[in-house]
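The following note was prepared for a colleague who wishes to read the model beside the sequence.

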Amino acid sequence: MVYQVDKDPVDIPSTLPLLPVRDIVVYSYMFLPLFVGRESSIKAVEEAMEKDRLILLATQKDPANDSPNPDDIYSVGTVAMVMKKLKLPDNRVKILVQGLTKARIKNYLSTEPMLTVEIEKIEEQPMEDVSVEMEALMRNVKEQCEKILSLKGLVSPEVMEVLENVNDPGRLADLVASNLRLNIEESQMILEIFDSVERLKKVNEHLSKELELSTMQAKIQSQAKEEMSKTQREYFLREQLRAIKAELGDLDEKAQEVNEFSDKIKKAKMPEEAENEAKKQLSRLDQMHPDSAEASIVRTYLDWMVDIPWGKSTKDKLDIKKAQKVLDEDHYDLKKVKERILEYLSVRKLNKDMKGPILCFAGPPGVGKTSLGKSIARALGRKFVRMSLGGIRDEAEIRGHRRTYIGALPGRIIQGIKQAGTNNPVFMMDEIDKVGADFRGDPSAALLEVLDPEQNNAFSDHYLNVPFDLSNVMFITTANMVEPIMSALKDRMEIIELSGYTDEEKLKISRQFLIPRQMKENGISDKYIKLSDEAILAIVNQYTAEAGLRNLEREIGTVCRKVARSVAEGKRVQQKVNRGNIHKYLGQPKRLTEEERESNEIGIATGLAWTQVGGEILYIEATLMKGKGSLVLTGSLGDIMKESAQAALSYVRSRAKDFKINHSVFEKNDIHIHVPAGAIPKDGPSAGITMATALLSAITQMPSNKDVAMTGEITLRGRVLPIGGLKEKALAALRNNIRTVIIPERNRKDVEDIPETIKKKIDFIYVNHIDDVIDVALVKKAPASRKKPQKASAVKKSAVKKSR
């Protein structure tokens, strides 16, 4: 824009077309180009050109408004003369206007097709006598303008001549205001100050502020340019920021940061190798530009190095009796685990330098594996850290990422150690049997170093790149099944099996732990609820099917919530929950047990199976029908069970003469073996003797004993092989009122692990051969002469021998 100092007087009419302008306030004596695009505005320009070229320029309040109303336009504007008009190709019009004088809008005469207004001209009388104070103010304004232009490098003789030739305070104020970077509201406010002296004072205030900003900007740019070389132009903005911080007094942060890291390295008590690496990286940081990307990586690395507890450890509580009390408070039974922990404490008390054990708790969900780890940490007085390995497929999750990668971090082992704040926590790794592997590596292989007491004293994390001693850490892993764990990894751990709880154990645990916890969580006490033993056992058998306690606690919580609602509604009486009314709280039973056999039947035998949620009984049925000697197997059987059925049939056929069976039976009949609940997949190496018994019962028409259950695998020679999950299977038999269980002789040792309460209620019969099974399981004995099999109560411990 150009400023016109003098102009010839022009006769201003009282009615003019109005052109609303955006983002600018037009002052008197200004020359500036405008682009006109709105249809009404173009018509206003055309109207002015047809008459005397005069038009009122008033600023609209909202620049984004394309159709401003009278209320959207400031009432004070500037009368201007349209000097030139040029029509553009895009139908817009470019005009050159010159501001003449201020005017106030008195009334809007029309809004369509253009805005026409009645105006009142605002006359400003020039000052004839300029006082000393006014002269000083005008000189100050001119000098400040000269300084600002000098700082910006815009000083020219023409500009200075224009400033010197302006002797009227009002004109000087308009000239300076039109060139200041003021917002619309501030510019309009200056326009509406009609007293020239006051207007100049207001402009002087804005000018002082602009001078201060320009001085500071120039100083910042000067300091930044001094430190920059030609190859560092990309740091221009960062250097400006540093200069700003220097003005605020935040000088030399780099040296302060280096000193802080140096002090932290000394206090961290790192091993020599780690300390040397930390000092080396600190030296690199000291030589780097503080805002470079590499400096940020080194800074993060040093933060990790000084935060890791290299020399911090907790002191073990070696009071054996107190530790046993803590373990007993948190968990019922689990004798093997508790004995192992107390043994560790005892050895630790005698040998301070012993390495931490690597324990693996294996068992079904909900038996207390994770909570047991917390109790061990509490008994030892150590910090507890837990990480889940389920679904991990990247080796870097264990060993960390190399620092060459963006966003690299240490592995979860080092992260857990840092989280604990000590170098000897109890570190629990859940779900070690669910670790995966893909193209990024095998986390199980990375765990070999972590869980090996001979190697983990110098564990190398890819991110730290220095050894860290894990030998003081007590690692505890958990798994639902041991089979999926890598054999090399399994060899490094001491596996402790946690089998499911018996009904009596669940009852005692409910009384001791679950019910008090749920009553507390639901805000009630024994004043409002009384759960009978029969009700708890009903929940265990009819509403849950698990080896652990999670669903049991969930159902107890449901009962407590029902009672809590009644109490909240005002029924403050004790509710007695028993077997007869448990369905009112939990609905109808969710689990139906297998129906008990009412009589000895032909072609059916009772087997025992292990599942992840405990033991189950399995009825295996066999029948003969006219055919061509085919063997039909149904019931969603796996390959192992199919092979067991085939082996059982082959054994019966090979002993057909001993069992007085005509060989034509196998040639003229099809044999169908079925295991009910066909929708449930079944597999495992423990149904062989049950299939052989059912098959022999169907062929010989000898009924099987309904009070006998059995488990064991069979060979073609009739030998009975050992099985697993004996405790769970015995519990399943007991739940179904079966008191005689046939098991392989080689499982005699496993009976010792079964609670005495169960052993007293069940007769375990040990067998070496299928003929021993038949003697007990079928109502009539097979014709072969045999000795009576031993029972668990027999004094003689030798295996039953068969006379062949």
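**Notes on the predicted model**

1. The structure holds zero disulfides, a disulfide being a pair of cysteine sulfur atoms within 2.5 Å. The classes are set by relative accessible area: buried is under 20%, exposed is over 50%, and partly exposed is in between, with a 1.4 Å probe and protein chains only.

2. Residues are numbered from 1 along each chain as its sequence is written, and side-chain values use heavy atoms, with hydrogens and water left out.

3. On confidence, pLDDT is the predictor's own score for each residue, from 0 to 100. The chain averages 83, and 90% of the residues score at least 70. The lowest confidence in the chain falls in strand 1 (residues 2–3), with a mean of 44, and the highest in strand 24 (residues 740–744), with 94. Residues 1–7 have a pLDDT below 50, and this stretch has 27 contacts in the model beyond near neighbours in sequence. Residues 781–804 are also below 50, with 48 contacts beyond near neighbours in sequence. A contact means heavy atoms within 4.5 Å. Where pLDDT is low, the predicted coordinates should not be read in detail.

4. As to overall composition, the chain has 28 helices and 25 strands. Both are DSSP runs numbered from the N terminus: helices are H or I with at least four residues, and strands are E with at least two. Of its 804 residues, 48% count as buried. Among contacts in the chain with a separation of 6 or more, 73% come from residues 24 or more positions apart.

5. The buried residues of helix 2 are Met134, Leu137, Met138, Val141, Lys142, Gln144, Cys145, Ile148 and Leu149. Seen down the axis of helix 2, these buried residues fall within an arc of 160°, so they line one face of the helix; the arc is that of the directions from the helix axis to the C-beta atoms. The face turned away from the buried side carries the exposed residues Val132, Glu133 and Arg139.

6. Strands 4, 5 and 6 may be read together. Strand 4 (residues 54–59) pairs with strand 5 (residues 76–87) in the antiparallel sense over four bridges, where pairing requires that DSSP find at least two bridges between the strands. Strand 5 and strand 6 (residues 93–110) also run antiparallel, joined by 11 bridges. Threonine 78 of strand 5 is the bridge partner of leucine 57, and its partner in strand 6 is lysine 102. Strands 5 and 6 form a hairpin with five residues between them, and asparagine 91 in the turn has a positive phi of about 70°.

7. Most residues other than glycine have a negative phi, and most peptide bonds are trans. The peptide bond from glutamate 112 to proline 113 is cis, with omega near -5°; proline 113 lies in the loop between strand 6 and strand 7 (116–122). Glutamine 701, although not a glycine, has a positive phi of about 60° and lies in the loop between helix 24 (688–700) and strand 21 (708–710). Asparagine 737 likewise has a positive phi, near 60°; this residue is in the loop between helix 25 (726–735) and strand 24 and, at 42% relative accessibility, counts as partly exposed.

8. Two further positions complete the note. Serine 525 is in the loop between helix 18 (503–521) and strand 15 (529–531) and is partly exposed, with a relative accessible area of 29%. Isoleucine 774, in helix 28 (residues 770–777), is buried, with a relative accessible area of 2%. The C-alpha atoms of isoleucine 774 and leucine 696 are separated by 8.6 Å, although the two are 78 residues apart along the chain.

Definitions and conventions
Predicted model: local features only at pLDDT ≥ 70, side-chain atom pairs only at ≥ 80, totals over all residues.
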